[in-house]
Amino acid sequence: MNMIFRIPGITLCVRRKCYHVLNISKNLSSFSDGTSSELYKKSVPFVGNISGSVQENPSRIEGVRKEVDDVCCILESGPWGPATENALSVLNEKPQPGLVIGVLRKLKDVNLAVNYFRWTERKTDQAHCPEAYNSLLMVMARNKKFDCLEQILGEMSVAGFGPSNNTCIELVVSCVKSQKLREAFDIIQTMRKFKFRPAFSAYTTLIGALSAVFESDLMLTLFNQMQELGYEVSVHLFTTLIRVFAKEGRVDAALSLLDEMKSNSFQADIVLYNVCIDCFGKVGKVDMAWKFFHEMKAQGLVPDDVTYTSMIGVLCKANRLQEAIELFEQMEQNRKVPCAYAYNTMIMGYGSAGKFDEAYSLLERQKAKGSIPSVIAYNCILTCLGKKGKVEEALRIFEEMKKDAVPNLPTYNILIDMLCKEGNVEDALKIQDAMKEAGLYPNVITVNIMIDRLCKAQKLDEACSIFEGMDHKVCCPNEVTFCSLIDGLGKHGRVDDAYRLYEKMMDSDKTPNVVVYTSLIRNFFKCGRKEDGHKIYKEMLRRGCPPDVMLLNTYMDCVFKAGEIEKGRAIFEEIKAQGFIPDVQSYSILIHCLVKAGFAHETYQLFHAMKEQGCVLDTRAYNTVIDGFCKSGKVNKAYQLLEEMKTKGHQPTVVTYGSVIDGLAKIDRLDEAYMLFEEAKSQGIELNLVIYSSLIDGFGKVGRIDEAYLILEELMQRGLTPNVYTWNCLLDALVKAGEVDEALVCFNSMKDLNCTPNHITYSILINGLCRIRKFNKAFVFWQEMEKQGLKPNIITYTTMISGLAKAGNVFEAYGLFERFKSDGGIPDSACYNAIIEGLSNANRAMDAYTLFEETRRKGFNIHTKTCVILLDALHKAECLEQAAIVGAVLKEIAKSQHASKYW
């Protein structure tokens, strides 16, 4: 008797007399993609009563095997369609579960498997058994295609059964092997969505894989799910999570896991303590690492070689060498066999601190204890000597080490690296030859080192020569090789060569990464080829290479510097659109470039957004925001930020002090500016010319000339040379104070110090001389400025025209005025009024009137005094009609002035 239950999309059938489905499920539970004979032996249905005996029929087995092969042959003969379905129907109108499972086990194509699975469901009008569903999931796992996974799991949930442990594990493992970890995570979450219980091993396998790529948040989610499901987690699993969180610098999360472990009555073992010491120490939490070291001893655990070596390494890295030495000696007490790893670590510590005599002494001590130093110990010393630039000593140690250890490939690479850094290519090539003689051949790391260091030493031709000379059969260039050379060529202006190499990289089936595109974009913009830079960005997107935050930050910086302000803003928004969170560098670039473009008033809003987002400001960010506040007039806010910077442990730099001092000086808070100036000096900061110039400008503008002179004197005593801006600040102060003769003395001192005056310098002096009515001398400076090829600005023109006109040199003044217009200059109201007055006083009334009309047409204001002088000149010249017009204009001016005074 059959009982059939119908659920939407599912048909369930329970047979009371035949139990072959259940038996097959049990028989196949451990079977996975076996041979044909194994398959059919385990796929034969068992027919009979519960109490009846179960016997196998060899001929039946052979028949089922043939039937499975026939079905697979039909399925693989062509695309699924009516013809395929008809052929299957002819072969077997109502396929039994054993046949279905056998076919699914043998199929390799997931689409064929799904189509066959659905066809048999329709033909039999019955729901599939659990093993059939599991077999289909196994096909998906083998193909790594999970488009139908959620639907299949949903059907299994409705049917009241779930995937087997083996199937669950296989689904996760297949994703892990192909590095599709996010997909594996989603598979487990889909199972949980349908209330299934993923296998313990599926969780642990995925957590282990995620730990290798530092996906700590996903790991923690899985770990919490395991506990919710009642799985017993181990110390080893806690250790895995703590290691990842600690290495990422997420100390609070790591400590929280430790507390949770202890609250669950787990006893930390020596492996966990070693992990904590190593990981917490490497992220700078040295005191915490010490705490773990002492805690494990208090728990009765004896530190082993790994414990001591890790702790010594942490102390050496933190420049706490004396503590490392004491711990090393403590380890060595009563020890007959020295620990080579601890010796290597301690030797590296001495070398990093520049204590090479102590490092050599430790080598000898190791030999005396009967342990021959390994090549690793010598490589440690050579690495440290390279960092200190002690090339000759490194070569000497290299010769000595051959008595104890055979140099390996890293040894030669270290030597080649330091020689290339020094620009000593010939000796680097000799080392390379020696390597070959020793039976070692340069690998791609060797080549990458040479190309990278040569590019940084600006020896591009040599780097290109090494690249071209690579034997691709022995050593093929990788992405790093191409990246180093592309960046080196681009940085030194050879962007076309860099682009050709980029094309060659793609031709050699190497995929350019985001670092290559960042380099190309930056260097094209740097060379002024912004259109090419934009094209590279578009090409990167077209080729499917997603940008990262660093590339977008670089692109935004380049675009702003190219003057494309709105485009730069758009890229900042694109960072968010790409799913990234703008980092502190993103905000620093945006604020800095907007301040330079004249949008300093936006600093406060952006600073507030940065704080809200939780960005931790670094020194550069503080400097950028402080500069923005100062330039937007919010000097008090900048001062507060300077104090906050100190309390947060960031040492203000010369840029920080320079911004605040300049901001205070510009709003005449000079005593505060000077106090900050003294504070900076007391902190040992090397003050630059910009800060001194800001103070000279500030003191000069308020007439405190003596103090400005004192600042100039101190500047020169410190070995700094005033530039043209510094001199201009002082000259402007002297002219405004009426000390024009003193200004001329300063001007001569400026030239004596080989500082070339610019157009601003001459403008200041011409203005000063015109003020004291020394017009002829002012004209001499004008002529000198023109000889220097300097172009006067509108203020200088106006001053000189007015001065010449007042001095009676109307012909020169008018000629200067006409030349100014012919050179493309646009005279302003003051310039027109000055020349009209000059021409009127020189009895050239009609010329003056012509300019009067031109001034009115251009909409410039005409001064009352100018009208009176012109009216008088027109009357004298008997130009009555023109005089009437000027008179009428004069009345209108008088009326408007009267009206404005009334209001």
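Reader: How do you know that the length of helix α18 agrees with its number of residues?

Author: In this predicted model, α18 runs over residues 321–332, which is 12 residues. At 1.5 Å a residue the helix should span 16 Å, and its end C-alpha atoms are 16 Å apart, so the two values agree.

Reader: Which residues of α18 are called buried, and what makes them so?

Author: They are L321, A324, I325, L327, F328, M331 and E332. Buried means under 20% relative accessible area, so each of these residues falls below that cut-off. They cover an arc of only 165° around the axis, which puts them on the same side of α18.

Reader: What covers the buried residues of α18?

Author: The cover includes α16, α17 (305–317), α19 (340–352) and α20 (356–368). M346, a residue within the range of α19, touches L321, A324, I325 and F328, among others. M346 and L206 have the most contacts inside the largest nonpolar core, which has 291 residues.

Reader: How do you know that the buried residues of α14 are on the same side?

Author: V251, A254, L257, L258 and M261 are buried in α14. They cover an arc of only 125° around the axis, which puts them on the same side of the helix. The face turned away from that buried side carries D252, D259 and S263, which are exposed.

Reader: What do the buried residues of α14 pack against?

Author: They pack against α12 (216–228), α13 (235–247), α15 (270–282) and α16 (286–298).

Reader: What follows α14?

Author: S265 follows the helix, with a positive phi near 65°.

Notes. Residues numbered from 1 in each chain as written. Predicted model: local features only at pLDDT ≥ 70, side-chain atom pairs only at ≥ 80, totals over all residues. Heavy atoms only, no water. Core = buried A, V, L, I, M, F, W, Y, C linked by side-chain atoms within 4.5 Å. Buried < 20%, exposed > 50% of the residue type's maximum accessible area, 1.4 Å probe, protein only. Contact = heavy atoms within 4.5 Å. Helix = DSSP H or I, 4+ residues; strand = E, 2+ residues; numbered from the N terminus. Arc of directions from axis to C-beta. Expected span 1.5 Å × (residues − 1). Lists of a residue's contacts leave out its neighbours within four places in sequence.
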